[in-house]
Amino acid sequence: EVNHKDENKTNNCVSNLEWCDHKYNNNYGDKKYASKGSRNSQSKLTEEIVRTIRKEAKTNSIPTLATKYNLSYSHTYHIVNGSRWGWLV
């Protein structure tokens with residue numbers, strides 16, 4: 001397998017790649033946070049937007065924020081209450 005040394009799967013520079021076996025690749029780096037937040041390739045949000053949503057939640061309702069940021073009510077609720085992006089302080 002090929003391992004990305006900086007754990008950024010979009011950085012395909014030769015200096016960032018190394019051959020390895022599956023076990024090494026699977027245990028390489030900080031996998032606990034590898035797909036969290038904006039490092040997840042499917043994430044529509046950034047840390048900055050999440051922080052902004054949490055600040056705005058003090059003066060805006062969850063439905064208002066969900067509409068503003070094009071998110072579901074449920075997703076917005078979980079962001080505001082910390083059960084999603086909870087690691088982000």
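Helix 2 (residues 47-56) has three buried residues, Val50, Ile53 and Glu56, where buried means under 20% relative accessible area, exposed over 50%, and partly exposed in between (1.4 Å probe, protein chains only). They sit on the same side of helix 2, because they cover an arc of only 130 degrees around the axis, taken from the directions from the helix axis to the C-beta atoms. This is a predicted model: local features need pLDDT of at least 70 and side-chain atom pairs count only at pLDDT 80 or more, while totals for chains, interfaces and linings use all residues. Residues are numbered from 1 along each chain as its sequence is written, and side-chain values use heavy atoms, with hydrogens and water left out.

**Around helix 2**
- On the other side of helix 2, Glu48 and Lys55 are exposed.
- Helix 3 (62-68) and helix 4 (73-81) are among the things covering the buried residues of helix 2.
- As a reminder, an α-helix has 3.6 residues a turn, so residues three or four places apart point the same way.

**The core and Leu65**
- The largest nonpolar core has 8 residues: Leu45, Val50, Ile53, Leu65, Leu71, Ile79, Trp85 and Leu88. Such a core is a set of buried Ala, Val, Leu, Ile, Met, Phe, Trp, Tyr and Cys residues joined through side-chain atoms within 4.5 Å.
- Setting aside neighbours within four places in sequence, Leu65 is in contact (heavy atoms within 4.5 Å) with Ile53, Glu56, Ala57, Asn60, Thr76 and Val80.

**Thr76**
- Thr76 belongs to helix 4 and counts as buried because its relative accessibility is 1%.
- A polar atom of the Thr76 side chain lies 2.8 Å from the backbone oxygen of Ser72.
- Again leaving out neighbours within four places in sequence, Thr76 touches Ile53, Ile62, Leu65, Ala66 and Leu71.

**Cysteines**
- Cys13 is partly exposed, because its relative accessibility is 45%, while Cys20 is down as buried, at 15%.
- The disulfide count is 0, going by cysteine sulfur atoms within 2.5 Å.

**The whole protein**
- Along the sequence the pattern runs β-β-α-α-α-α, with 4 helices and 2 strands. These are DSSP runs numbered from the N terminus: helices are H or I, at least four residues, and strands are E, at least two.
- Of the 89 residues in the protein, 22% are buried.
- Among contacts with a separation of 6 or more, 36% come from residues 24 or more positions apart.
- The accessible surface is about 6,400 Å², with 52% of that belonging to carbon and sulfur atoms; areas come from the Shrake-Rupley method with a 1.4 Å probe, and for residues only the protein chains shown count as cover.

Definitions and conventions:
Polar contact = N/O pair within 3.5 Å; in protein donor to acceptor, adjacent residues only side chain to side chain.
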